[in-house]
Amino acid sequence: MTTSFAPQARREGLVIEEAEDELLVYDLERHEAHCLERTAALIWQQCDGQSTLPVIIKRLQEQHSLAVDEDIVWIALRRLDRARLLEERLKVPAGLPRRASRRDMMRKVAVIGGMAVFSILAPTAAEAASRNVSCKHVLKSGLPENNQCCNGNKGICHITHDGDGVCGPEPC
Amino acid sequence: MSSEPVFPRREGAPSDTNKSSRRKWTSALAVQVYGVRIGIRTNCVATLEQIKERLPQGWKPLTSPVVDGTYSIYVADNSPPRIRQYHLLYNDSGLQARALDIGKILGILEYSIHLHIGAATRQRFFIHAGVVGWRDRAIIIPGRSYSGKTSLVAALVKAGATYYSDEFAVFDGRGRVHPYPLALSIRQTGSGAMQRWPVEKLGGRRGGKPLPIGLVILSRYQEGAEWQPRSLSSGRAVLALVANALSARQQPTALLPVLRQAVAHSAVLDGVRGEADETAAAILTWIDRDSRV
């Protein structure tokens, strides 16, 4: 059932940097940054839209000495799909991954290693500089004053140059 | 010849469209920092001198009044004396803040200028982080306001590290960190009031030259915690820096390779920490034992 499926990695709208044996990816459309550990990165790089899963598995085993199987590749594809790094949303065929216990699957992942895909949302300038995402709700009742506090009494809310509201370091 | 000051104006913008245009301005200044042009005007020449003291290190006066952004501070004269009037701060979006204490207005202006420069400059990459120098390498502590960076930076400086900044790590295109030494905002025990402390008052020294990164500390304060960090990969450090970058969305194509290069040869430690003084000592001890830093 999976012999004809050939996953395709996204390439458009991404900034990609190699870092030792990891891959850094910035999604220009979603403003998300991802760090793919080694195995996840290698699997992603094999997704050329033409290589089926058996081909990908064989290539990883022979060229990179990775003892991956179809379950591992599906786990990686799910993680890449969650990070929106595949060209199309993943449709996992019925019956896959095989009915292994969660513990067995996690054990397999741990043995292989390097399967994580870490992701963050890139902040706006105002978000990067404040503890609270925005304090604009504080401003609706009037102008920020020295007794107008951000959430948790941390800092004064004030309007930044781009019109957003941000909690500064000034004491509340 | 007219002695009227030439007031800064935003490039391409029509004349004042917000209420600040109603005020009578008497003093003005146009400056450039890292390629970003900022105009400041006020109705009080003494205030302008105070503002100059709070401008980022390395600012240069501009001869042209054309700028990228403007700020206006109206200083209330508080007459008649029984009626207290607010001091006002305007930016290009309109009224930004008002306060009865001019110090608070100046603090907000200063912070806004840093944010503005950090987001707009194309010469440097600003990351919200504390930075100190140790053995010709930078220790960088990414984190937003109130994450405990200043406490840890102050403790490291007291332990002998060189002060670079407690708010912004400023990267050049080669991944080196430049000094951006602001007065440390330290919360006083007991009163909880914040005071600005030049690093010299803590017995510290300012760094002068750009440094490569030796260590990235990802930490969160937890009362009573002992710092027992785990090592992370450089890729994880890049994510942490992107998460605190002021211009991540504006220039990701340029930012990512610079940060990757910046942390390529550094150690990365992640873990909760307790009191700053103990943590600082533990950090410097760890560095002394690790040959990578």
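A residue counts here as buried if 20 or more other C-beta atoms lie within 10 Å of its own, with C-beta atoms placed from the backbone. The model is predicted.

**Chain A, helix H1**

Select residues 38-46 of chain A, which form helix H1. Among them, A:Arg38, A:Thr39, A:Ala40, A:Ala41, A:Leu42, A:Ile43, A:Trp44 and A:Gln46 are buried. Because 8 of the 9 residues of H1(A) are buried, the helix is largely enclosed by the rest of the structure.

Next, display what covers these buried residues. The cover includes three strands of chain A, namely E2 (22-27), E3 (32-36) and E4 (117-121). Helices H2 (53-64), H3 (70-82) and H4 (102-112) of chain A also belong to the cover.

**Chain A as a whole**

Followed along the sequence, their pattern is β-β-β-α-α-α-α-β-α-α-β-β. Of the 172 residues in chain A, 40% are buried. Among the contacts of chain A with a separation of 6 or more, 54% are between residues 24 or more positions apart.

**Chain B, the sheet**

Move to chain B and select the open sheet of 6 strands, whose pairing is mixed. Across this sheet the strands lie in the order E4-E2-E3-E6-E7-E8. Select the edges next, strand E4 (60-61) and strand E8 (94-99) of chain B; each has a single partner strand, so one side of each is left without a neighbour in the sheet.

Within the sheet, select residues 69-74 and 87-91 of chain B, strands E6 and E7. These two strands run antiparallel and are joined by 3 bridges. For a view of how they face one another, show B:Ser72, which stands opposite B:Tyr90 in E7(B).

**Chain B, the two domains**

Finally, colour chain B by its domain assignment: domain 1 covers 9-120 and domain 2 covers 125-289. The centres of the two domains, taken over C-alpha atoms, are separated by 29 Å. Where the domains meet, domain 1 of chain B contributes 6 residues to the contact and domain 2 of chain B contributes 9. On the side of domain 1 that touches domain 2, the residues are 3 nonpolar and 3 polar, with no charged residue.

Notes
Residues are numbered from 1 along each chain as its sequence is written. Chains are lettered from A and ligands numbered from 1 in the order in which they are written. This is a predicted model: local features need pLDDT of at least 70, side-chain atom pairs count only at pLDDT 80 or more; totals for chains, interfaces and linings use all residues. Two strands pair if DSSP finds at least two bridges between them. Helices (H or I, at least four residues) and strands (E, at least two) are DSSP runs, numbered from the N terminus. A residue is buried if 20 or more other C-beta atoms lie within 10 Å of its own, exposed if 12 or fewer, and partly exposed in between; C-beta atoms are placed from the backbone. Two residues are in contact if their C-beta atoms, placed from the backbone, lie within 7 Å. Domain bounds come from an automatic or database domain assignment. Ala, Val, Leu, Ile, Met, Phe, Trp, Tyr, Cys and Pro count as nonpolar, Asp, Glu, Lys and Arg as charged, and the others, Gly among them, as polar.
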